[in-house]
Amino acid sequence: MSTTEDLFKNIISHAKEYGFIFQSSEIYDGLSAVYDYGQNGAELKKNIRDYWWKSMVQMNENIVGIDAAIFMHPTTWKASGHVDAFNDPLVDNKDSKKRYRADVLIEDHVAKIEGKINKEVEKAKTRFGDSFDEQQYRSTNARVMEYQQKIDAINTRFKAALEANDLNEVRQIILDLEIVCPISGTRNWTEVRQFNLMFSTQVGSVSEEASTIYLRPETAQGIFVNFLNVQKTGRMKIPFGIAQTGKAFRNEIVARQFIFRMREFEQMEMQFFIKPGTEMEWYHHWKETRMKWHRALGFPDGKHRFHDHLKLAHYANAACDIEFEFPFGFKELEGIHSRTDFDLGNHEKFSGKKLQYFDPELNQSYVPYVVETSIGLDRMFLAVLSQAYAEEKLDDGTDRVVLRIPPMLAPIKCAILPLTKKDGLPEKAREIMDRLKFDHACMYEEKDSIGKRYRRMDAIGTPLCITVDHETLTDNSVTLRDRDTMQQERVPIDRVEQLVMDKVDMRKALRALGN
Ligand code: ATP
């Protein structure tokens, strides 16, 4: 087994062991691709949501937030195109009886070739040292060019097949590329079929009256149907945005990779309403803005990249993903889509209600265009968790597992630890806790040795530990221990509040976004 696979397994078991993520209904052996967030997971998730909400809604005068219902009138999903076109092409391997997304099989194959290119580049980098010009190498090296041509040919053929909705051709590509099932190792594939991803249920108590409704597969439509409500009541002027976070549901065919692909998940979406014709300008603006949001978390360079969509969704005229390097490779974390007037235009048609904006500058009404940013909260959680997780060997020969979560997102911001359970130390520690708890999620712990308590705090990513000892009682100072450096510093109690605030302050990151 490769070490990255091991690493990912360790992250998953760490998430369970330390109360971040549990499998849903575990006592009944779980439910596939559904997860629950534990006491630390719920805090981390909330903090990521807050970071998103503040940067979107609080920091932008022209963006407001709503909270629409999960259930919507069934015609919504006719108008949005989801009833007819929200499908994944699926294919089964007849030997292993495993089901795959045909597009993912092909994309994984392309990723393997990309991996070969990257290996060549890495080799050349070490060979040539400082004088290495990566761009030139990529465009002149014969082997790299050959790989790249292969990728381009597959992509062109695949794009044409998808656009023509030619599922036989998609199957043929899988056969021609000699893609095998990772389980059975065979190429014994069924036909490729389309599979609708929406969950449906019945509303109404008597079956004759009942009508089929869907669990929303995206939060965006709750924004579109409320476009005029918000525009009128908020007296919003174009350009303006409506944001929301909330649950979405998709009957994913291939549910694996932990919380990367879930059947119930949470999205954070923002629809930005603009004048038709200005969409490319705003598309680039939001691409840049969203990348900045990710970069402000301080993850190493090279962990994020843009990926333009090969095949545009039924609603889009430009679209890309922000990909993150998860332990299993670069994968989509967020989508930025120029959706034109597709959604509002269709809701006008299907509802018979005008969904237009009167532009006082132009003195005319129009259906606005939309640029959307859409990120999965759970995927973002996985990005933060996998980036934060580190297994370290310390100078004294011991090991520690630490979550280097950006302090502003950490579930617990500081732990207050009396060195012993007696001599008035717990009371002093509680006093400090009582000052800090109004601003921060704090934890009080008096059990076990101080070393063990530090390790437990490292394992859940607590940025600061405050230790109260006997000296504290005489000189009113405490030991402040930093999670990342493990350095300990003696500080007066009066400075603690400010030091904790400096460490975990979200305002720094928000300022860096430059709103
Ligand atoms: P994918 O290609 O991975 O299925 P998508 O292109 O269908 O994703 P979008 O419809 O653009 O995804 O949804 C926006 C965001 O919602 C994604 O970037 C992702 O972060 C998140 N998301 C989508 N599906 C899931 C899922 N099943 N589980 C968790 N997050 C999801």
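**Exercise 1. Charges.** Find how far apart the mean positions of the positive and negative charges of the protein lie.

*Solution.* Start with the counting rule: Lys and Arg are positive, Asp and Glu are negative, and His and the chain ends are not counted. Next, place each charge at NZ of Lys, CZ of Arg, CG of Asp or CD of Glu. The protein has 72 positive and 79 negative charges. Their mean positions are 1 Å apart.

Two notes apply to every exercise. This is a predicted model, in which local features need pLDDT of at least 70 and side-chain atom pairs count only at pLDDT 80 or more, while totals for chains, interfaces and linings use all residues. Residues are numbered from 1 along each chain as its sequence is written, and side-chain values use heavy atoms, with hydrogens and water left out.

**Exercise 2. Overall build.** Describe the secondary structure of the protein and decide how compact the protein is.

*Solution.* Count the elements: 18 helices and 23 strands. These are DSSP runs numbered from the N terminus (helices: H or I, at least four residues; strands: E, at least two). Now take the radius of gyration over C-alpha atoms, and compare it with the globule rule, 2.2 Å times the number of residues to the power 0.38. The protein has a radius of 26 Å, close to the 24 Å that the rule gives for 515 residues, so the protein is as compact as a globular protein of that length. Along the principal axes, the C-alpha atoms fill a box of roughly 80 × 60 × 55 Å.

**Exercise 3. Cysteines.** How many disulfides does the rule give?

*Solution.* Apply the cut-off: a disulfide is a pair of cysteine sulfur atoms within 2.5 Å. The count is zero. Check cysteine 442: its nearest cysteine sulfur belongs to cysteine 414 and is 3.8 Å away, and cysteine 442 is in no disulfide. Then check burial (buried is under 20% relative accessible area, exposed over 50%, partly exposed in between; 1.4 Å probe, protein chains only). Cysteine 442 is buried at 15%. Cysteine 320 is buried too, at 0%.

**Exercise 4. Helix α12.** Name the buried residues of α12 and the elements they pack against.

*Solution.* Helix α12 spans residues 342-351. Its buried residues are Asp343, Leu344, Gly345, Asn346, His347 and Glu348. They pack against α3 (75-79), α9 (220-224), α10 (227-233), β10 (264-274) and β13 (329-340). After the helix comes glycine 352, with a positive phi near 75 degrees.

**Exercise 5. Glutamine 271.** Is glutamine 271 buried or exposed, and which residues does it contact?

*Solution.* Glutamine 271 sits in strand β10. It is buried, at 0% relative accessibility. For contacts, look for heavy atoms within 4.5 Å. Leave aside neighbours within four places in sequence; the contacts of glutamine 271 then include Ala220, Phe240, Arg339 and Glu372. Glutamine 271 and alanine 220 are 51 residues apart along the chain, yet their C-alpha atoms are separated by 7.2 Å.

**Exercise 6. Backbone angles.** Where do proline 239, phenylalanine 258 and asparagine 476 sit?

*Solution.* Proline 239 is in the loop between α10 and β9 (240-249). The peptide bond from isoleucine 238 to proline 239 is cis, with omega near 5 degrees. Phenylalanine 258 is in the loop between β9 and β10. Its phi is positive, near 60 degrees, and it counts as buried at 8%. Asparagine 476 is in the loop between α16 (470-475) and β22 (477-482). Its phi is also positive, near 55 degrees, but asparagine 476 is partly exposed at 40%.
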